[in-house]
Amino acid sequence: MKLYKKTFIIGMSLLTSLSCVEEQDLIIPNPNGISSADFSLRGSEALLSFSTAAYGDLQLRGTFARHAFFIHDGMSDECDAGQMEADKQQMHDYAVDPANIGVTRYWIACNQGIAKANAVLNNIEAINQSGASEDEINQAIGENHFLRAYYYFLLTSRFGSVPMPLVPTDGAVASAGIGKTDRALVYQQIISDLDAAIPLCGTRASLGSDNAGRATKGAAHALKARVYLNNPSGPVDYVSAVASLREVLADPSGYTIDGVDYADNFNVAGEHNNESIFEINFSDEFDVNAQGGAWSTTGSGFAESTFRGIEYATFGNLPTSATLRNAFETDDPRLPVTVRPNNRWMKYTLPDDNNPPAGPINVRVIRTADVLLMLAECLNAIDSVANRTEILSLMNQVRDRVGMPNYGTPAMDTDFPVTNQAEILAAIQHERMVELAGEQVRLNDLLRWGIAKEAIEANRLNTIQNTPPINFIIGKHELLPIPSREIDQNVGLTNADQNPGF
């Protein structure tokens with residue numbers, strides 16, 4: 001059973017006390033709010049509802065129900081542009097303005113998730129008095145450290161320095177009244193939260209299938225490695241990333257690609273398989289007449305479906321690019337799993353060409369193949385000569401699963417030789433593109449490798465749409481603009497806080 005079917009998503013607004021009796025007499029209490037003075041939890045079910053609230057904002061239209069795909073996939077070189085709405089066309093064309101509605105919804109959804117995690121992490125006393133077991137309490141606290149870390153990673157990856165509230169905030173905008181925190185400090189907080197999550201969260205094996213979708217030790221280690229690898233605020237910490245990745249592979253849950261069909265990473269049947277480390281649950285069970293509950297922007301109700309299928313397969317808003325299709329080698333079985341004959345996406349869609357608005361397929365945030373390739377990249381950066389045997393073994397595990405020729409053999413040496421560090425990196429870059437296409441990692445990869453401008457501009461020259469070329473401006477287009485709504489409503493921000501170039 002999917003986690004979100006079992007939980008009732010609640011919001012919480014903590015009211016602050018005022019010193020003047022006269023002012024208090026004039027305040028009309030929020031009937032939907034919960035006073036921190038009166039807040040209490042009664043039993044395991046109450047704790048479960050409270051502690052899992054922050055998961056719901058990963059299912060929103062602003063995040064993985066819709067806009068996260070356009071922000072991460074659509075702004076990489078994996079996609080061309082179909083007949084899209086203006087806000088999504090802006091993303092693809094690198095012409096986003098601060099009023100862009102999709103970017104605004106992404107910002108709001110992430111901050112809503114942070115606010116819910118903060119509500120949990122700042123009510124430890126009530127959690128400890130809930131009557132739940134020690135394991136339940138630890139899991140509740142640990143997974144909210146994980147979720148807060150993940151939301152801040154989603155934010156700082158795309159916006160750079162952002163407001164970073166760590167206590168509950170009141171108001172429609174979660175970060176109201178809080179100025180920007182330096183990006184390097186945001187990354188430090190993300191690592192700190194993950195360090196806090198690891199000893200508290202259970203393993204996938206200990207939590208069991210009834211809790212599939214909840215954060216685990218393995219998920220926290222894997223996200224920690226991804227953060228280390230994608231931290232632009234300082235030198236990449238390859239050594240720490242390696243330590244985290246080895247923890248994932250040593251996890252007693254047995255994360256592996258062995259025995260997992262590649263296609264089962266992107267369908268309903270293969271959800272929470274042995275390769276999956278963290279995924280976002282979706283379902284069409286609560287959707288009314290298949291009309292797409294994912295359109296909810298508030299996190300209320302039972303919006304648990306995603307528009308990924310109808311956007312990518314039926315509407316074709318972001319068809320696969322020639323750059324991506326040409327990257328696949330002859331007879332690579334991952335190509336038909338990724339791309340339809342009409343060049344639209346197959347991955348994460350139902351086989352039918354007419355996918356419904358209420359898509360039920362879970363989004364796999366991190367899976368083991370990604371871990372293997374991240375580890376290969378880190379070991380190559382540390383010492384390509386000393387680590388060569390292990391690097392090739394990691395890369396070839398991914399190849400063996402789909403029956404493709406191994407790196408370091410004559411069959412691959414012509415196109416992808418691996419005789420030195422630069423060649424090995426090029427091979428890793430190739431393998432990540434064809435293995436992880438459409439999984440919201442490509443843009444971060446391009447930025448990390450310092451080839452975003454080259455790749456994105458070259459992709460537009462290869463497009464079948466005959467649209468004007470993209471001018472990727474270094475120093476500007478690595479980030480999105482802070483939404484104008486946030487600057488207007490947050491008294492801690494001014495126009496001077498806007499990201500460069502916007």
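**Entry 1: helix α19.** I looked up Asp 445 and Arg 448 in this predicted model and found both in helix α19, residues 442-449, where they stand 3 residues apart, about one turn of the helix. I noted a salt bridge between Asp 445 and Arg 448, with the closest N and O atoms 2.9 Å apart. I recorded both Asp 445 and Arg 448 as buried.

**Entry 2: salt-bridge network.** I then followed salt bridges that share partners and found one network joining Glu 275, Glu 329, Asp 332, Arg 334, Lys 347, Arg 367, Arg 399, Arg 401, Glu 431, Glu 435 and Glu 439. For the structure I noted 31 salt bridges.

**Entry 3: two pairs involving helix α18.** I examined Arg 334 and Glu 435, whose closest N and O atoms are 2.8 Å apart in a salt bridge. This pair links distant parts of the chain, with Arg 334 in helix α14 (residues 334-338) and Glu 435 in helix α18 (residues 421-435), 101 residues apart. I found Arg 334 and Glu 435 both buried.

I next examined the salt bridge of Arg 399 with Glu 431, where the closest N and O atoms are 3.0 Å apart. Here Arg 399 belongs to helix α16 (residues 388-401) and Glu 431 to helix α18, 32 residues apart. I classed Arg 399 as buried because its relative accessibility is 0%; Glu 431 is likewise buried, with a relative accessible area of 0%.

**Entry 4: Ser 321.** I located Ser 321 in the loop between α12 (308-315) and α13 (322-327). A polar atom of the Ser 321 side chain lies 2.7 Å from the backbone oxygen of Asp 77. Leaving aside neighbours within four places in sequence, I listed Asp 77, Glu 78, Cys 79, Asp 80 and Asn 459 as contacts of Ser 321.

Key
Residues numbered from 1 in each chain as written. Predicted model: local features only at pLDDT ≥ 70, side-chain atom pairs only at ≥ 80, totals over all residues. Heavy atoms only, no water. Helix = DSSP H or I, 4+ residues; strand = E, 2+ residues; numbered from the N terminus. Polar contact = N/O pair within 3.5 Å; in protein donor to acceptor, adjacent residues only side chain to side chain. Contact = heavy atoms within 4.5 Å. Salt bridge = Lys/Arg side-chain N within 4 Å of Asp/Glu carboxyl O. Buried < 20%, exposed > 50% of the residue type's maximum accessible area, 1.4 Å probe, protein only.
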